[in-house]
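Please keep the sequence and the structure in view while reading.

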Amino acid sequence: MASERNGDGGKECAGENGNGGGGGVSLEMPEIRYTRLFINGAFVDAVSGKTLETRDPRTGDVIASIAEGDKEDVDLAVKAAREAFDHGKWPRMPGSERGRIMMKYADLVEQHAEELTLLESLDAGKPRMATRAVDLGTSVRSLRYFAGAADKIHGETLKMSRQFQGHTLREPIGVAGLIIPWNFPAIMFFSKVAPALAAGCTMVVKPAEQTPLSALYFAHLAKQAGVPDGVINVITGFGPTAGAAIASHMDVDMVSFTGSTSVGRLVMEASARSNLKPVSLELGGKSPLIVFDDADVDMAVGLAISANFFNKGEACVAASRVYLQEGIYDGFVKKLAQRMESWVVGDPFDPRVNQGPQVDKVQCERVLSYIDHGKREGATVLTGGKPCGQSGYYIEPTVFTDVKDDMIIAKEEIFGPVMCLMKFRTVEEAIARANDTRYGLAAGVVTKDIDVANRMTRSIRAGVVWVNCYFAMDSDCPFGGRKMSGFGKDDGMHALDKFLAVKSVVTPVYDSPWL
């Protein structure tokens, strides 16, 4: 880290002195315009009148009080979505018209991108510049991609074995329940909302209680774009109440959830206990990054830093298990330590800053507890290992060496800025250790040998494997996991599948000259 040590041995955040890690940044904060639930095209208070607080992770101070939705509010939202689906224009509209409205929606998000960037950075502690380029940029691209897909949803002609003709229809499944996480609020909103809109579904969206601000703003822009009332409804609230009400609702036709594996289990259970609605789950991960001896060390180090510390490690695909072949290990460790000296933790509105605060106090304490576990289990701290700053939820980027596969830090998802370095000898060993996890979300391979790359990509059991790159995600690239990382795809045309039901239509054919 670039900043100097305090007298007590801890590190300062960039420009912290006296301003809570704010870096002396002079920036007018955005007005918080939307704090109520969005149901049937209007902002309304929660039935109970309750509110929850969303807090600034830089300081812990309250940003705003937001309506706290509960079961009664979910019932109202689902009723509106059901009416819009059963009797409204959206599913009956030509796909080209839905696409036109979605393109306008994307234009509006782009026009308001600066204000949305400030909201997202303030609410989630994300560096402003990266949020504008990555989070808002990805959101706009996702909307435009699926706008283009809206009139390209096709069935198939079936070659029946008897005197029948058959074809399939791909119909919108109905009312979708979309539950999104706090680490990428904007990206996750549109990774689910955009394909659902393209398919002709209506929906109830529950953003994470930690980061509700952008979702409410997106709801406002949807109405401006011409999305009919009732098609998009946003319920802010807590998972065990509002989220559970969506997952168990008898009139919700499917649920798409991104979050922890433990909560994913609850979503599946709620589906089973209610109407057996289909479920799509994008859950946790413990992804490996495997670096072979022939790799370019500078590139490998850069990939490892990005794969672990981008978004302060709050990423389901974070490559927190870094396996280094013996010949490259020492050089990699030395260069990594050097590179981390210039890594800056601090106020996400400061353009010098690489890493902002963790999203809230609970997550900060959770990450610090894992760091303590690593120390107690005998791993060696190469860099970091402590909280950072006098206020807020800042943690030094932490790199452990001497990590064993059976240590907690090597087995469990940490969801914070923690990297574990481990040695391996052979390709066979790398494959076995990479797959020795209950997760299967992502993996990275760094090598110049195409044969090694091909063998690794075909052997690792994960939803995506990146070769000589990481975080190479795109609207056209299907994303989703295996094993306890879940099932179902976001992004790519496969993302439409969960929002569509396949219906077979068969009629007899009489006196046909051919079959």
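## The second largest pocket

The second largest pocket has a volume of about 700 Å³. The model described here is a predicted one. In this model, 33 residues line the second largest pocket, and those nearest its centre are Val134, Phe184, Ile187, Phe310 and Phe471. Two or more lining residues come from each of the elements α4 (128-149), α5 (185-199) and α9. The largest share is that of α4, which contributes eight residues to the lining of the second largest pocket.

The lining of the second largest pocket can also be sorted by residue class: 15 residues are nonpolar, 11 are polar and seven are charged.

## The largest pocket

For the largest pocket, the computed volume is about 950 Å³. Its lining consists of 39 residues, and Trp182, Phe257, Gly259, Ser260 and Val263 lie nearest the centre of the largest pocket. At least two lining residues are supplied by each of α7 (239-247), β10 (254-258), α8 (261-273) and α11 (361-376). Which element gives the most to the lining of the largest pocket? That element is α8, with six residues.

When the residues lining the largest pocket are divided by class, 21 are nonpolar, 10 are polar and eight are charged.

## Enclosed cavities

How many cavities of 30 Å³ or more does a search of the whole structure find? The search finds six. The largest cavity holds about 70 Å³ of space. Its lining is formed by Gly285, Lys286, Gly313, Ala315, Cys316, Ala318, Ser320, Glu413, Ile414, Phe415, Gly416 and Val418. By class, six of the residues lining the largest cavity are nonpolar, four are polar and two are charged.

The second largest cavity has a volume of about 60 Å³. It is lined by 15 residues, and Pro288, Thr437, Tyr439, Gly440 and Ala442 are the closest to the centre of this cavity. Both α13 and β19 (439-440) supply at least two residues each to the lining of the second largest cavity. That lining comprises seven nonpolar, five polar and three charged residues.

## Helix α14 and its two sides

Helix α14 spans residues 450-459, and its buried residues are Val452, Ala453 and Met456. Viewed down the axis of α14, these buried residues fall within an arc of 100°, and they therefore line one face of the helix. The face turned away from the buried side of α14 carries the exposed residues Ile450, Asp451 and Arg458.

What do the buried residues of α14 pack against? Their partners are β12 (288-291), α13 (427-435), β20 (442-446) and β21 (464-467). At the start of α14, the backbone nitrogen of aspartate 451 has a side-chain oxygen of aspartate 449 within 2.9 Å.

## Two asparagines with positive phi

Asparagine 40 is found in the loop between β1 (37-39) and β2 (42-44). The phi angle of asparagine 40 is near 55°, which is a positive value in a residue other than glycine. Is asparagine 311, by its relative accessibility, buried or exposed? With a relative accessibility of 6%, asparagine 311 counts as buried, because buried means under 20% relative accessible area. Asparagine 40, in turn, is partly exposed, with a relative accessible area of 40%.

Asparagine 311 is located in the loop between α9 (297-309) and β13 (321-325). Although asparagine 311 is not a glycine, its phi is positive, at about 60°.

Glycine 69 lies in the loop between β4 (62-67) and α1 (71-87). The relative accessibility of glycine 69 is 0%, so this residue counts as buried.

Which residues are in contact with glycine 69, leaving aside its neighbours within four places in sequence? They are Leu37, Ala46, Ile235, Thr236, Gly237, Thr241 and Ala242. A separate value relates glycine 69 to leucine 213: the two are 144 residues apart in sequence, while in space the separation is 14 Å, C-alpha to C-alpha.

Definitions and conventions
Residues are numbered from 1 along each chain as its sequence is written. This is a predicted model: local features need pLDDT of at least 70, side-chain atom pairs count only at pLDDT 80 or more; totals for chains, interfaces and linings use all residues. Side-chain values use heavy atoms; hydrogens and water are left out. Buried means under 20% relative accessible area, exposed over 50%, partly exposed in between (1.4 Å probe, protein chains only). Helices (H or I, at least four residues) and strands (E, at least two) are DSSP runs, numbered from the N terminus. The arc is that of the directions from the helix axis to the C-beta atoms. Contact means heavy atoms within 4.5 Å. A polar contact is a pair of N or O atoms within 3.5 Å; within protein, one must be able to donate a hydrogen and the other to accept it, and residues adjacent in sequence count only if both atoms are side-chain atoms. On a 1 Å grid over the protein atoms alone, a cavity is a set of points where a 1.4 Å probe fits but cannot get out, and a pocket is an open set with protein on both sides within 12 Å along at least five of seven lines; lining residues have an atom within 4 Å of a point. Grid points are joined across faces, edges and corners, and a volume is the space filled by probe spheres set on the points. Ala, Val, Leu, Ile, Met, Phe, Trp, Tyr, Cys and Pro count as nonpolar, Asp, Glu, Lys and Arg as charged, and the others, Gly among them, as polar.
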